[in-house]
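Trainee: I have a structure to go through before the afternoon. Can we take it one piece at a time?

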Amino acid sequence: MIRETSALTVRELKHWYRIKIQMFMTLIQPIVWLGLFGQAFNFGAFIPPEQIPIYFAGAPDYFSFLAVGMLGVITLFTCMFGGISLIWDRRFGFLTKLRVAPIPRGSVPVSRISSTMVRALFQAVIVFLIALGFNYIPGLTGLTVGSSFNALDLIGLFVTLALLALGFAGIFISIGLLVENQETMFALVNLLNLPIMFASAALFPLAQMPTWLQTVAKYNPLTWAVDAARVFVFQNPNPIHPVWWSMTALALFAVLMIGVSVYAARKKLSAT
Amino acid sequence: MAAIIEVKDLVKVFDKTIRAVDGINFEVQEGEIFGFLGPNGAGKSTTINMLVTLLKPTSGTALIMGHDVAKEPDKIRHIIGLVPQDLTVDDDLSGRENMILQSDLYNVPKQEAKERIDNLLGLVKLEDAADRMVKTYSGGMRKRLELAEGLIHRPSILFLDEPTLGLDIQTRSTMWAHIKELKEKHDMTVFMTTHYLDEADSLCDRIGIIDHGRIMALDAPSTLKKSLGGDVLQITVGGDKDFTTILSAVANVVEVKKEGSEYRVKVLKGEREMSHVLKSISDNGGEVSSVSLQRPNLDQVFLEYTGKSLRDAEQSGSMDRGQRMAQAHQSRRRQ
């Protein structure tokens, strides 16, 4: 169980770091996002300076608010690609090899979820460092962390993102297992991705949204993650949910989605 | 020798209407190379996929070393190796990395895996290319790597689904040599499918001729050829006159079949009797426009048992399949 799962995880990671263009895109994408949107949408300009932290979850400016949200968004996107890679493996026959092998069916999604989580965390670290680095580039706003931000907060931040990655990877890998047709897969992924991103606190504060959207966004795992993350990074005194609540919800979400993916693998990778 | 594969009344129906495998029965003995010969769409791959636990039989049973494919897939996966028709090797890993991954999937002890990988890569002559990415491999190299992967856990039975499909003639004969070597060295049972007659003839101890999901004949290639009961004279005669009765009366002629102006005359000792056969036609006012003598080969066996040559079956087979698909589609729409 452990040997085949780790072997498959390593295989996934090799695919990732060997493909140079993919590595390049991994790095360039967050720079573009933070550089363009983060700098362009300076919503903080409309608000009296002393009220900015109240509007933006304790962040001293909109860029800092967005940078932490972006850690969650980049996790979402990485997980989406984790699901799509399964479609290619089905197409190119690799999945047949796994179906004939004497391995628990669940090792297929579990290995993918773990490799996707590693990728997502790696990307998040890069985004975090780039956002901090912007402080040293003249003319750009950078990420300013709260005054008492420490190592424990840093660990809390990445544990939060890891739980989010497990859950989202579970969703997209389950979809990849259940939907065998690649066009349907792309359509579904697009259908899910944008609403998850926009109906959350990742890009914009919840309080400024219409009530119905707030209700939806409150139960979006991406909101739980960025909400908790902003408590860790900015010591936000007024989070949407208490940190313990968000973390527990994320952990349950992760366990549930891993369970769903294992179930889907048992259904779809056995003899038909 | 004991039966290592036992198949009883095996049926696979797709989409409720397409009977890809239509009630087949056979046994494969331990240590033999058993081949399924038939045109595309005859049900060869469907059978193999049921035996290797990729497909569930609609009805009937298949036992591999006493284990039911439908009930104990995990037991079976440990004792079989599969070289599938479509490649499953990973392009973005090196040949050796593919082998290591395979050894991890089959839980081969790490120490032993290293040695086996070297041996197997040597066996399929890939030792020099072992550390190159598989995407730089040729089609034949990939197929050989696939074969080596199928052997990593020393399976008792190796399944080869069209092992030489799409390979050039030289690579094909290398594959044949590998397969023969395996059987001799490791006393392995091999179950293979092919639509190449020469492949079935030169490799297989026994073959099953399969068409439209049914086994039409099953025996050793030499016995099947012998069962034809003689050589075949293929004669084309001009004019409308029917020579069937005249030909049947000639000594040593076993059977006469007429297809248009063409006669297939089955005759014992073909070379010697040819002149008598031809004389009987000219004596009765017929004009022979062409004649050929055919020694028994598997193509004739195929013709004998399915009523069409393998090449014709290939074409009509695919048409039948298309028609069946269309029917299935229509019936679905009607519902």
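**Walking through the two chains**

Mentor: Start with chain B, where the centres of domain 1 and domain 2, taken over C-alpha atoms, are separated by 43 Å. Keep in mind that this is a predicted model.

Trainee: Which residues go with which domain in chain B?

Mentor: The domain assignment puts 3–224 of chain B in domain 1 and 229–295 in domain 2.

Trainee: What is the strand order in the open sheet of chain B?

Mentor: The order is E2-E1-E4-E5 in chain B, four strands with antiparallel pairing. The edges are strand E2 (18–29) and strand E5 (67–68) of chain B, each of which pairs on one side only.

Trainee: And how many bridges join E1 and E4 of chain B?

Mentor: Five bridges, in the antiparallel sense, between strand E1 (residues 3–14) and strand E4 (residues 59–64) of chain B. To find one of the pairs on screen, look at Ile5(B), whose bridge partner in E4(B) is Ile64(B).

Trainee: What actually holds strands together in a sheet?

Mentor: Backbone hydrogen bonds, with the strands either parallel or antiparallel.

Trainee: Where is the hairpin with E9(B)?

Mentor: E9(B) forms a hairpin with E10(B), and two residues lie between the strands. One to look at in the turn is His212(B), which has a positive phi of about 50°. Strand E9 covers residues 206–211 and strand E10 covers residues 214–219 of chain B, and they pair in the antiparallel sense over five bridges. Ile207(B) has Asp219(B) as its bridge partner in E10(B).

Trainee: Switching to chain A. How many helices and strands does chain A have?

Mentor: Eleven helices and zero strands. Chain A is as compact as a globular protein of its length, because its radius of gyration is 19 Å, close to the 19 Å that the globule rule gives for 272 residues. Its C-alpha atoms fill a box of roughly 65 × 40 × 35 Å along the principal axes.

Trainee: What share of chain A counts as buried?

Mentor: 47% of the 272 residues. On contacts in chain A between residues at least 6 apart in sequence, 78% join residues at least 24 apart.

Trainee: Give me one residue of chain A to look at. Is Leu250(A) buried or exposed?

Mentor: Leu250(A) counts as buried, because it has 24 C-beta neighbours inside 10 Å, and the cut-off for buried is 20 or more. Leu250(A) sits in helix H11 (residues 243–268) of chain A.

Trainee: What does Leu250(A) touch?

Mentor: Not counting residues up to four places away in sequence, the list includes Thr160(A), Leu163(A), Leu164(A), Pro221(A) and Trp224(A). Ala165(A) is 85 residues from Leu250(A) in sequence, with 9.6 Å between their C-alpha atoms.

Trainee: Where in chain A is the confidence lowest, and where highest?

Mentor: Lowest in helix H2 (residues 20–40) of chain A, with a mean of 78, and highest in H11(A), at 95. The mean pLDDT for chain A is 89, and 100% of its residues reach 70 or more.

Trainee: Last topic, the interface. How many residues of chain A are in contact with chain B?

Mentor: 18 residues of chain A, against 22 residues of chain B. On the chain A side, helix H1 (2–18) and helix H5 (94–100) each supply at least two residues. H1(A) gives the largest share of that side, seven residues.

Trainee: And what kinds of residues make up that side of chain A?

Mentor: Seven nonpolar, four polar and seven charged.

How values were computed: Residues numbered from 1 in each chain as written. Chains lettered and ligands numbered in written order. Predicted model: local features only at pLDDT ≥ 70, side-chain atom pairs only at ≥ 80, totals over all residues. Domains from an automatic or database assignment. Pairing = 2+ DSSP bridges. Contact = placed C-beta atoms within 7 Å. Nonpolar A, V, L, I, M, F, W, Y, C, P; charged D, E, K, R; others polar. Buried ≥ 20, exposed ≤ 12 C-beta atoms within 10 Å, placed from the backbone. Rg over C-alpha atoms; globule rule 2.2 N^0.38 Å. pLDDT = per-residue confidence, 0-100.
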